[in-house]
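Hello,

The structure you asked about is below.

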Amino acid sequence: MPRIGVFVCHCGSNIAATVDCAGVAEATRGFPGVVHAADFKYLCAETGQNLIRDAIAEHRLNRVVVASCSPRMHEPTFRKAVAQAGLNPYLMEMANIREHCSWVHADRQVATAKATEIIRMVVAKVARNEPLTAKQVGLTKRLLVIGGGIAGIQAALDVANAGYQVTLVERTPTIGGKMAMLDKTFPTLDCSACILTPRMVELSQHPNIELRTYAEVLSVKGFVGNFEVEILQKARKVNHLTCTGCGTCWQKCPEKNVPSEFDVGMGRRTASYIPFPQAVPNKPVSDTANCRSVRHLAAKERGEKLMECRVCEKLCPTKSIDWEQKDEIIVDRFGAIIVANGYDTFDHSVYGEYGYGKYPDVITGLQLERLMNASGPTKGEVVRPSDGKHPHSVVFLACVGSRDDKVGRPYCSKICCMYTAKHALMLKEHDPNIQTYVFYLDIRAAGRGYEEFVRRVQEEYGSTYIRGRVSWIYPQDGKLIIKGEDTLLGRPVEVEADLVVLATGITAASGAVDLMQTIGISYDTYGFINEMHPKLRPVETNTDGVYLAGCASGPKDIPDSVSQASAAAVKVCGLFSQDYLTTDPMTSVVDQMKCVGCFLCEEVCPFRAVERETLRGGKVVARINESVCKGCGLCVAACRGEALNLKGFTDQQLLAQVTALLRA
Amino acid sequence: MSVLKFASTDQPGRNGLLALVKAKTGQDVLACYQCGKCSAGCPLSSAMDLAPHQVLRAVQLGQRDLVFQSSAIWLCVTCQTCYTRCPQEVDLPKVMDALRSQAIQEKIRPAERTVKVFHDVFLGLVERFGRLYEVGLIGGYNLLARQPLASADLGLPMLTRGKLELIPRRVKDREQIRAIFKRAAELELEEITGQSVAAAPPASVPS
């Protein structure tokens, strides 16, 4: 016989203001099975929990209903409380009379009646609750980091230094990400490579880290603690085990006219290449789309003629060139994943008024970084792409692809104000005779030393800031005319410029949405990952065991990205510090007598928890892998033969709830 | 509205107007970040064609015509409200003063002629008598401002009640006053020519 205790919480005045809690408690005493009812100001407080524990002992309760808030926050609290009193924690049910009642109603009488009805239903349910036991599963203490930018590097290093094995997957031939492309970093003007490359080297030499560049994640199966991941290792056509990175192949490669991705098209590279001198690994890949030898082999297969090259193969001192090398798929197991897939800059060719990306002297901030960098295509000389001349007047446009609903980017990209200020300062350092203009909407310089930096650029370096968006750029006599408005003075402005730099905003990295779908995590309309909670759980995704860092969840500067990476690393270390993971016992269960083996459940299960089992006599039926099942209930709804049931939410329990409400 | 044009060789970040104000006042107008607090508190900004922060903005952009032809620089009464409140500590009244004096030096016709007339008459009387001669100020100002009968209804009552003295009073040591004006003229000349005109002022002159 169930002996049910009902406890009604006031939640201060959150519930008590609209619900007569004492009256509700009194009313529940008449419900079937209820032997005790009480109300209290704060049940979640230690005194409130004691009240429940004492009542269980005193009234020999074997079921408990806590009528209070949503179970989201305090279900664990009350389960623990009843467990301490010797009751199975799953014999406690919560009735939500706050979010579902007091907060959404104004009439005290109606709300009191509704609260009573809610509790009536839960009492009917709890009477049919069975004791459940949580299961434990093992976990693979290995981390997969997706993305080798500064966020991925930091996360990998932190977790590896804590003693766990890490695999870092990066889709380009080198790690380093966008930070490696930068010349200096704001507001300290640290040389970006000088602070980044030591980390890159540390990562490549770390005994706990396996580095996989030129590789992509193909599929992710499994669940927290036990992910099975397919990784595509793209063919490099170079055997990295024997290659010494001597540089002969990329120095001698005759195909020298490939636009360099690393230099954002400002420079050229060879077909066999390393993206930049400090690349990690410092060994080349052959870009098969442009390599003459690969193209020759492909043409031969088609029966066409194309000149043979094989220069690198002939000259390689270690015979590391391998034309037979194919893409390879590696399957590996991981306990956790950190997604640090970074960002791309906005493609400004959608702006006709800025020349559709076709004016050679209208470049992006990232392109300017490459021009200013000593290892860049111009060896650090800032020249106009059109004629190679030094510019005197340089105009910057902030918010290109940011704060612009028309191009689908209403958000602020956060870093552009600062990097533009940095550019204006650095240009002046490059050539004191350069005059810079910055057209801006607002200056957003929230960060340590950021505002001071922007002021310095205007006051000391004489950069002319003009508040207003530029409406039109057009070429005239080898120069560019920029038309805007000084909204402070309320007058139109026209600047004659030699070079225009667009502060293009941050967008989700190319392929971000595909990656999120592959992993199974939620993302927003822009392709940025949704955090589990934007304030309190900012580095967790809504999938257990998958974490995020850096621009994967929206625009961030370097310090923010690094902080997030370390935060995600701590979460992973916390997970890996356990030897077993406790799984929720509220999983599906198959009544194999009723199962007809249609396996509709297998089709609908998003977690691949349904397995096949052959009974004696040859009948094939479904079986649920409880450590994989998340208790979503899809299979229960799909099953036509009512063979499936969800523990803790059985059909019988739910029917009892509905019946209780209808009969009242 | 006239377009503000910048050629590719221009250097608005180091324009002559900025340098001029800096030399005359020591103020760095680039420090102004255009929050508008000065204009919001200015008792006269509603009467000005450019609000005070816009005067600074025009200086930042080297817009000489805009600045020197504005009424704002003449309407400012240097009440110091703006400076007291300025978060960037730009001494705007000092800048306004410098702009007025520069406009006079360059013989630019002031947008508010009568303000200049008032200053001229006032200082002329102080130079002559060592202190203000009110009847002279009223008469001189009204004549030069071409409004001889302005406020005439107030003149007689003020005279009969002894508020105005017909005979000007003079300070005792008019030599010192003259020395001050002489030195001021020399400084002004120095500023224009860039050369030192006179030796150090006599010790008796209060600095």
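A polar contact here is a pair of N or O atoms within 3.5 Å; within protein, one must be able to donate a hydrogen and the other to accept it, and residues adjacent in sequence count only if both atoms are side-chain atoms. This is a predicted model, where local features need pLDDT of at least 70 and side-chain atom pairs count only at pLDDT 80 or more, while totals for chains, interfaces and linings use all residues. Residues are numbered from 1 along each chain as its sequence is written, chains are lettered from A in the order in which they are written, and side-chain values use heavy atoms, with hydrogens and water left out.

Between chain B and chain A there are 14 residue pairs in polar contact, both residues at pLDDT 80 or more. On the side of chain B that touches chain A, strand E1 (4-6) and helix H3 each give two or more residues (strands are DSSP runs of E, at least two residues; helices are runs of H or I, at least four). H3(B) has the largest share, 4 residues. The rule also finds 2 salt bridges across this interface (a side-chain nitrogen of Lys or Arg within 4 Å of a carboxyl oxygen of Asp or Glu). Arg57(B) and Asp486(A) form a salt bridge at 2.8 Å, N to O.

Regards
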